[in-house]
Structures are given as C-alpha cells and as structure tokens.
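Please open the model in your viewer and keep the sequence panel beside it. The tour below goes from one selection to the next and says what is found at each stop.

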Amino acid sequence: MQYSNLGQFIKNKRLEKGLSLNKFATEAEIDPAILCRIENLKQSIKIEILEKIVNAFDTKLSEFLREYENNFI
C-alpha cells in the first residue's frame, strides 16, 4: 500500500474540522513545523507522530488508515 500522500490526507482532515495548523499541532502535542512539513510532503511520518495525529482526530490508527486507503488512494 502506498502512503506517500498521507500528509495531504492529514491536511484535508484537519481543514474539514476547521482547525488551523497551529491549533491542531497543539492538540496533537507536536511541533507545528513538523506538521507543516508532513502536510506538505517534505517529511516522512514517524509512527509516534502519526499516533499523536490520529489521537488528535479522536480515532484509532486502523480506522484512520482504512479511511485513507478507501478515500485517498
């Protein structure tokens, strides 16, 4: 499975929820600069960061990846 566009999917979900990058990064407890690079596909996502992002979306990792696979690939 290809996950090269996962950052764009994260950005789309964040924008759907009406959250700014800084607000979402704060909620996810990650550096806004890291989130920016991930969303702009300039940095790969470490599993620890992905877990924080998924938790901020209040979902499970498996559900998040399933939604990505169903809607973004």
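Two residues are in contact when they have heavy atoms within 4.5 Å of each other. This is a predicted model, in which local features need pLDDT of at least 70 and side-chain atom pairs count only at pLDDT 80 or more, while totals for chains, interfaces and linings use all residues. Residues are numbered from 1 along each chain as its sequence is written, and side-chain values use heavy atoms, with hydrogens and water left out.

Begin by selecting Arg14, which is found in helix α1; helices here are DSSP runs of H or I with at least four residues, numbered from the N terminus. At 5% relative accessibility Arg14 counts as buried, a word that means under 20% relative accessible area, with a 1.4 Å probe and protein chains only. Leaving aside residues up to four places away in sequence, Arg14 touches Leu19, Ser20, Leu21, Phe24, Leu35, Glu39 and Phe57. If you show the backbone of Leu19, you will find its oxygen 2.8 Å from a polar atom of the Arg14 side chain.

Now select the whole of α1, where the buried residues are Leu6, Gly7, Phe9, Ile10, Lys13 and Arg14. They lie on the same side of α1, because they cover an arc of only 160 degrees around the axis, the arc being that of the directions from the helix axis to the C-beta atoms. An α-helix has 3.6 residues a turn, so residues three or four places apart point the same way. The cover over the buried residues of α1 includes α2, α3, α4 and α5, and just after α1 you can pick out Gly18, with a positive phi of about 70 degrees.

Where do the rings gather? Select Phe9, Phe24, Phe57, Phe64 and Tyr68, which ring pairs link into a cluster; rings of Phe, Tyr and Trp (its six-membered ring) pair if their centres lie within 6.5 Å, and planes under 30 degrees apart count as stacked, over 60 as edge-to-face and the rest as tilted. The structure holds four aromatic pairs. One of them joins Phe9 and Tyr68 edge-to-face, at 5.3 Å centre to centre and with 65 degrees between the planes. This pair links distant parts of the chain, since Phe9 is in helix α1 and Tyr68 in helix α5, 59 residues apart. Phe9 is buried, with a relative accessible area of 5%, and Tyr68 counts as buried at 1% relative accessibility.

How values were computed. Buried means under 20% relative accessible area, exposed over 50%, partly exposed in between (1.4 Å probe, protein chains only). Helices (H or I, at least four residues) and strands (E, at least two) are DSSP runs, numbered from the N terminus. A polar contact is a pair of N or O atoms within 3.5 Å; within protein, one must be able to donate a hydrogen and the other to accept it, and residues adjacent in sequence count only if both atoms are side-chain atoms.
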